[in-house]
Every structure is written in C-alpha cells, then in structure tokens.
Amino acid sequence: MDWRPVQGVGLPCLSPGTLAGNRKVVEDGWMDIVEGSCTLLQRMEICVAEAEKRSGKNAVNMQETFTVYLIETRSMDAMADGRNPAPDSLWRRYSEFELLRSYLIVAYPYIVVPPLPEKRAEFVWHKLSADNMDPDFVERRRIGLENFLLRVASHRVLSNDKILYHFLTEVHGAAQGRCSSGDDLSISNSSFLLCLRVADRLYGVFKVHGNYGRVFSEWSAIEREMGDGLQSAGHHMDAYAASIDDILEEEEHYADQLKEYLFYAEALRAVCRKHELTQFELEMASQDLVSKKQQREELATGIVRTFSFKGMTNKLFGQEAPEQREARLKLLEELIAEGEDTVKDKTVECEEHIERAWEDMERFEEQRDKDLREALINYAVMQISMCKKGIQVWNNAKECFLKM
C-alpha cells in the first residue's frame, strides 16, 4: 500500500491495489492487539477531537478550501498502569474516511460496514445552514466521524484490520497487498421523515407564539387598565417563541441518529449485492461445467444431441481423425476438472458469505434495535419536556390575564 501526503497536509491515500493481503504484514504493536483477542476499542482510546479549515491545491493544481479532522488515540494499557501519556494525533480529511470505508466494504463484503455522516448538508432545520463549511455542520460531521471510528473499532472483525490501525496511528507508512437489501431500514426512513415533518410543524407553532407576543405588546399600548397584564403575557410568549432555536438543535441530534441508520441501508444492500454476485458466478460456473460434460459425452459417443457448428462440419466433411478426437477429449477432461474445482470453490465461497453475513446481520440488528430504542425514548422525553414547557408558558399567561 502507498501512503502519500495529500495536498500539503501529510495525509495518507489508499492506493487502488491495496486490499486483502495487507493483514499478512504485521508489526510488533499490531501483533499485540491482534493476539489480545479483543476489539481495538478495548485496547485504544479513540476520538476525533477537533476540526480545522485549511487551504491547498487539488489534483488539477487549483486552490481549494477543505476541512481536516484531528484523530487522537491513546493506549488503554498505559492508562491502566497509572500513566497519563499525551495522545498520539494526526489529521485526516473526509475523503480519507471515505477511502477507508470503501476498503472495508471490499475487504469484508459480508459485513454491514457502518456509514459515514453526510458529506453535504441534505436535511437542515430552519435555523441551520446548508453550507458545508458552516461551523455547526462541521461540528455535527466531526461527531459523526468519531461515531464511525468507534463503531468500526468496536467490531470484532473490522477492528483487527491492519489498515484501520495504520489509519488511526500512522501519518506515513508502507504495506503491500492486492485486492482479491435495505428494506429492513424502511422504518428508520419513515421515522426520520416523520421527525422532519414534526420539526417543521413545531417551528411554525413556536413562531405563532411570537405573533401572540407582538399582538399583546401592541394591545397593551392602547389599553391602560389591562396594559401591564398584556405586556407580561407578551413577554412570556416571546420567550417561548425564541426557545425553538435551542430545541431544534436538540432535535438535530436525534435526527442525526436516525439518519445514520437511514444511511445503513446502502451498507446492507452492498452485502446483498455481493451475495447475488457470488451466486451468479456459481450458476455460470455450473452451467459451463454441464456444457463441457455434454461436449465430452458427444465426442466420446459420436451422438450429437444439440445443434452445434462442430456437428454440422462433421456431417459435411466427415469425422475428425482419432488422434484429434483423443486430443480434444484430453483437453475436455482437463477443462472439466478445472470446472469442478471452480464450482467447488464458488460453492464454498457462497456458503461462507451467507454464514458470515447472517452472523453480522444478527449483530447489526441487535445494535440497531438498541440504538433506535434509546434514541426514540430520548426523543419522546424531549417532546414531553417541550410540551410541559408550553403548558407552563400558558399557565403564566393565565396568571397575567387574571391580574388584569
């Protein structure tokens, strides 16, 4: 594998030829982790500490502005011994996270690889900006990238990948290697779209209270006896209307959790597509083997059961010489032996993919149920709290009206 500096910030690139063979090359530090029979997250503290805007030239020598993210790692063993060493740190671009994930998808086609946060702001609330360089959006993406690393580092298979370890710990390095359905998440999609609609409706409801506040304030100016009560009620309404901005920030946090599982759908489809491809290759190899055996039978018996160009030429020009037929039979025997080996290998590959994919699907479903249950419960608690706040505002307004 080739780790090259990218656009002046010393970031590594995964070259296209780097894939499965890399795990055979193991350094001392990596060997300690692999032999520990535990996930990388149990041996290493990982966080994406901050984001920074930088400028540089791209591949076509044009100036561009981009964001890099600081990854900090620290050994758990050092902290367990009572030491508190400074964390190791390096910078990575979002595109490098994409390369890492693409590598994991190809190297582990039976695993539901965690998704990355959105590269561009596709769904935003009224207050938030769709600008990719907006600080709020960059911060949300930083949290999403950290979540991606934590999920990968806690996976019992993905966490033992050497490229992942290099990604987290080495700015430069070298290794060599070569490359060797989402319907379950429809409920997540519906839940996310529902949250969008609820947030939009809530925004309108809260802003209506701002209209109440303005009306009460204007009314208080022309009603002397009721003026104080109306003005106080207007202040409560204005405060309630302004509080929607903070609520939407919390709403965005829950939306990001649902969006993550919305993006998981593509990872599930990738696993299913790999199974379909493996099954297709097995069927094609089986058909080719059947065809070769039929050719051998026809050549050995001289009885042609299906129409072929070779059969027509034999009828027109006579049978081929015994030496030619023996040579063809020998070649067919070799091709049939190779075909049987291919079918056997493809059968094993298909069965192994199904077994491993099923195991990882079960792990993923357990993780999904736990995460979505927690997110939706917290979302319900937030909605209850918000409704209680609305009731309190109107109770305060009622007290103001009673004093008029």
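Glu-351 lies in helix α11, where helices (H or I, at least four residues) and strands (E, at least two) are DSSP runs numbered from the N terminus. At 51% relative accessibility, Glu-351 counts as exposed, the classes being buried (under 20% relative accessible area), exposed (over 50%) and partly exposed (in between), with a 1.4 Å probe and protein chains only. Glu-351 and Gln-279 are 72 residues apart in sequence, and their C-alpha atoms are 9.5 Å apart in space. Cys-350 also lies in helix α11 but is buried, with a relative accessible area of 4%. From C-alpha to C-alpha, Cys-350 is 9.8 Å from Phe-280, and the two residues are 70 apart in sequence.

The model is predicted, so that local features need pLDDT of at least 70 and side-chain atom pairs count only at pLDDT 80 or more, while totals for chains, interfaces and linings use all residues. Residues are numbered from 1 along each chain as its sequence is written, and side-chain values use heavy atoms, with hydrogens and water left out.

The secondary structure of the protein consists of eleven helices and three strands. Along the sequence these elements follow the pattern α-α-β-β-α-β-α-α-α-α-α-α-α-α. The protein has 404 residues, of which 40% count as buried. Its accessible surface comes to about 23000 Å², with 53% belonging to carbon and sulfur atoms; accessible areas come from the Shrake-Rupley method with a 1.4 Å probe, and for residues only the protein chains shown count as cover.

Rolling a probe the size of a water molecule over the atoms shows where empty space is left. The search for pockets was made on a 1 Å grid over the protein atoms alone; a cavity is a set of points where a 1.4 Å probe fits but cannot get out, a pocket is an open set with protein on both sides within 12 Å along at least five of seven lines, and lining residues have an atom within 4 Å of a point. Grid points are joined across faces, edges and corners, and a volume is the space filled by probe spheres set on the points. The largest pocket holds about 900 Å³ of space. It is lined by 36 residues, and Ile-143, Gly-144, Asn-147, Arg-151 and Glu-260 are the closest to its centre. Two or more lining residues come from each of α5 (135-153), α9 (244-301) and α11 (322-402). Helix α5 gives the most to this lining, with twelve residues. By residue class, the lining of the largest pocket comprises twelve nonpolar, seven polar and 17 charged residues, with Ala, Val, Leu, Ile, Met, Phe, Trp, Tyr, Cys and Pro counted as nonpolar, Asp, Glu, Lys and Arg as charged, and the others, Gly among them, as polar. Domain 1 (39-173) and domain 2 (188-302 + 324-403) each supply at least three residues to the lining, the domain bounds being taken from an automatic or database domain assignment.

A salt bridge is defined as a side-chain nitrogen of Lys or Arg within 4 Å of a carboxyl oxygen of Asp or Glu. By this rule there are 23 salt bridges. In helix α5, Glu-139 and Arg-142 lie three residues apart, about one turn of the helix. They form a salt bridge in which the closest N and O atoms are 2.7 Å apart. Glu-139 is partly exposed at 36% relative accessibility, whereas Arg-142 is buried at 13%.

A salt bridge also joins Glu-340 and Lys-293, with 3.6 Å between the closest N and O atoms. Glu-340 lies in helix α11 and Lys-293 in helix α9, so this pair ties together parts that are 47 residues apart in sequence. Glu-340 is partly exposed at 37% relative accessibility, and Lys-293 is partly exposed with a relative accessible area of 33%.

Within helix α11, Arg-363 and Asp-360 are three residues apart, a separation of about one helical turn. Their side chains meet in a salt bridge of 2.9 Å, N to O. Arg-363 is partly exposed, at 26% relative accessible area, and Asp-360 is buried, at 5%. A network of salt bridges links Glu-118, Arg-140, Asp-256 and Lys-259.

Met-226 is located in the loop between α7 (186-220) and α8 (227-242). With 25% relative accessibility, Met-226 counts as partly exposed. The C-alpha atoms of Met-226 and Cys-400 are separated by 9.5 Å, although the residues are 174 apart along the chain.
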